[in-house]
Amino acid sequence: VATIHEIPAVTGSTPSSRCGTGTVLLAASGEGTLSWFAAASGGSALASGNTFTTPSIASSTNYYVEANNGQCVSTSRTAVTTTVNALPAITGSTPNSRCGTGAVSLGASASSGIVKWYATLNGGTSLGTGTSFTSPSIATTTSYYAEAYDNNCASTSRTAVVATVKAIPGISGTSGGSRCGAGTVSLSATA
């Protein structure tokens, strides 16, 4: 009697991505036991199961999964892609200053993507986006923070961009002078 066994198949896979170097969790579904490989054919299995955590990777890499029902192996391995997105960075900043209370225009540039502006070094809600940012009216020197953002990845840290408010000098005192007749009069003032 000839027995014909069904060839198992990988029925679904979930590619994944990350920002910068590190591990990536991949997932697949199929018939029987799933085994993960670094190559489309040959080589030893790296792991078995419906999920696989890659070793630390620095660039986008394909891993391959096959199904085994104990009798047969899937006809080909299914590629599952891990995408490693480069971390953007703030490449330059332009602080600015003003005399007295008011708004200050600041600038920053990114290696890629957009620049997001924040009032805090960590967390918080973005105040705006773009290479330039105008602060609200401020009365004291204030730091704002620029973050580069690209492909759902943010720079590893925010860059402080300082809006400096300089005091407007004032006259604190004056003294007048007088004289009789034509001539010069000495006046003085202190700041």
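Is Asn152 buried or exposed? At 64% relative accessibility, Asn152 counts as exposed, where exposed means over 50% relative accessible area, buried under 20% and partly exposed in between, with a 1.4 Å probe and protein chains only. The model shown in these views is predicted, so local features need pLDDT of at least 70 and side-chain atom pairs count only at pLDDT 80 or more, whereas totals for chains, interfaces and linings use all residues. Residues are numbered from 1 along each chain as its sequence is written, and side-chain values use heavy atoms, with hydrogens and water left out.

View 1. Although Asn85 lies 67 residues from Asn152 along the chain, their C-alpha atoms are separated by 8.6 Å.

**View 2. The disulfide of Cys19 and Cys153.** The count comes to one disulfide, by the rule that two cysteine sulfur atoms lie within 2.5 Å. The sulfur atoms of Cys19 and Cys153 are 2.0 Å apart, and their link is left-handed, with -90° about the S-S bond. Distant parts of the chain are linked in this way, since Cys19 belongs to strand β2 (residues 16-19) and Cys153 to strand β16, 134 residues apart. Cys153 is buried, with a relative accessible area of 0%, while Cys19 is partly exposed at 27%.

**View 3. The salt bridge of Arg158 and Glu147, with Lys116.** A salt bridge (a side-chain nitrogen of Lys or Arg within 4 Å of a carboxyl oxygen of Asp or Glu) joins Arg158 and Glu147 at 3.2 Å, N to O. Arg158 lies in the loop between β16 and β17 and Glu147 in strand β15, so the pair ties together parts that are eleven residues apart in sequence. Both partners are buried, Arg158 with a relative accessible area of 13% and Glu147 with 9%. Lys116, placed in strand β12, is buried yet has no salt bridge, and the nearest side chain of opposite charge, that of Glu147, is 5.3 Å away.

**View 4. The salt bridge of Arg77 and Glu66.** The closest N and O atoms of Arg77 and Glu66 are 3.1 Å apart. Arg77 is buried at 17% relative accessible area, and Glu66 also counts as buried, at 14%.

**View 5. The largest nonpolar core.** A nonpolar core is a set of buried Ala, Val, Leu, Ile, Met, Phe, Trp, Tyr and Cys residues joined through side-chain atoms within 4.5 Å. The largest has 14 residues, of which Leu106, Trp117, Tyr144 and Ala146 touch the most other members. Two or more residues each come from β11 (105-110), β12 (114-118), β15 (142-150) and β17 (159-166). A second, separate core of 13 residues includes Ala28, Phe52, Ile57 and Val65.

Terms used. Helices (H or I, at least four residues) and strands (E, at least two) are DSSP runs, numbered from the N terminus. Lys and Arg count as positive and Asp and Glu as negative; His and the chain ends are not counted.
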